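Biologist: I would like to go through this structure feature by feature. Please give the general rule each time, then the case at hand.

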Amino acid sequence: MTLTLLLIVVTCAVSIPCFTNHRLIEKLLFWPPAVARGQIYRFVTHGFVHANGAHLFFNMFTLFFFGRAIERFFVSYIGAAGFIGFYLGAIIVAIVPSYLAHRNDPNYRSLGASGAVSAVLFAFILAAPWTTLYVLIIPVPAIVFAIIYTAWSIYAGRRGGDNVNHSAHLWGAAYGIVFALLMEPALGPRFLEQIVAF
């Protein structure tokens, strides 16, 4: 079993029981008052619970394709534990800005693997910017998708009101790019060469 599949299995094993167990999901999602009481584990566990089946499916579907694509590359540099650490780190880093913005808001809640999945996706886009992605069956170059995704996340985050943590998407994406560049600095010049050569 690949590490990506392991992450998917664990996420599904945690998320699916939460669909019908409200008490369990409340113990695991990200909630600033609970963090203030010392429940630091929520910085990680919120990334393994999802609001519903569609939320879970979209994140795991994306992770399945792009996680497997970059896993071998990452493992060759930092090993299996390093790849898992990269993913868990993405969950944490993606939620920190939201925590700082909402740490005094008892009504704020966040859950889902979107921040970590964005990190995986954008690390992939850095390595292969002209790969064709299929968005609702429409073929889109990865770099074009990245630009649209980033612009939309900024716009939707400022507009608000959709119960989606767009901040986590953006910070997760940034983390994925920075981590990959620190791991292999040659990715930066290679990315620019691919962009210019198109």
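This is a predicted model: local features need pLDDT of at least 70, side-chain atom pairs count only at pLDDT 80 or more; totals for chains, interfaces and linings use all residues.

Modeller: Residues are numbered from 1 along each chain as its sequence is written, and side-chain values use heavy atoms, with hydrogens and water left out.

Biologist: Where is threonine 4 placed, and which residues does threonine 4 touch?

Modeller: Helices (H or I, at least four residues) and strands (E, at least two) are DSSP runs, numbered from the N terminus. Threonine 4 belongs to helix H1, residues 3–18. Contact means heavy atoms within 4.5 Å. Beyond residues up to four places away in sequence, threonine 4 touches Leu63, Phe64, Gly67, Arg68, Glu71 and Phe83.

Biologist: Is threonine 4 buried or exposed?

Modeller: Buried means under 20% relative accessible area, exposed over 50%, and partly exposed in between (1.4 Å probe, protein chains only). Threonine 4 has 0% relative accessibility, so it counts as buried. Histidine 166, found in helix H8, is also a case to read this way: its relative accessible area is 6%, so it is buried. Setting aside residues up to four places away in sequence, histidine 166 touches Trp152, Ser153, Ala156 and Gly157.

Biologist: How many residues does the largest nonpolar core have?

Modeller: In soluble globular proteins, nonpolar side chains tend to be buried together. A nonpolar core is a set of buried Ala, Val, Leu, Ile, Met, Phe, Trp, Tyr and Cys residues joined through side-chain atoms within 4.5 Å. Here the largest one has 40 residues, and Leu63, Ile70, Phe74, Phe86 and Tyr87 have the most contacts inside it. At least two residues of this core come from each of H1, H5, helix H6 (114–127), helix H7 (142–159), H8 and helix H9 (187–197). H5 gives the most, with 11 residues.

Biologist: What is tyrosine 87 in contact with?

Modeller: Leaving aside neighbours within four places in sequence, tyrosine 87 is in contact with Leu7, Phe48, Met60, Leu63, Ala113, Ala116, Val117 and Val120. There is also a second, separate core of seven residues, among them Ile25, Leu28, Trp31 and Ala34.

Biologist: How many aromatic pairs does the count come to?

Modeller: Rings of Phe, Tyr and Trp (its six-membered ring) pair if their centres lie within 6.5 Å; planes under 30 degrees apart count as stacked, over 60 as edge-to-face and the rest as tilted. The count comes to 19 aromatic pairs. In one of them, phenylalanine 61 and phenylalanine 65 have ring centres 4.8 Å apart and planes at 65°, so the pair is edge-to-face. Both lie in helix H5 (residues 53–102), four residues apart, about one turn of the helix. Phenylalanine 61 is partly exposed at 42% relative accessible area, and phenylalanine 65 is partly exposed at 40%.

Tyrosine 175 and phenylalanine 179 form a tilted pair, 5.7 Å centre to centre with 45° between the planes. They are four residues apart in helix H8 (residues 166–183), and so are separated by about one helical turn. Tyrosine 175 is buried at 14%, whereas phenylalanine 179 is partly exposed at 22%.

Biologist: How do strand E1 and strand E2 run?

Modeller: Two strands pair if DSSP finds at least two bridges between them. Four bridges join strand E1 (residues 132–135) to strand E2 (residues 138–141), and the two run antiparallel. Tyrosine 134 stands opposite proline 139 in E2. E1 and E2 form a hairpin with two residues between them, and leucine 136 in the turn has a positive phi of about 55°.
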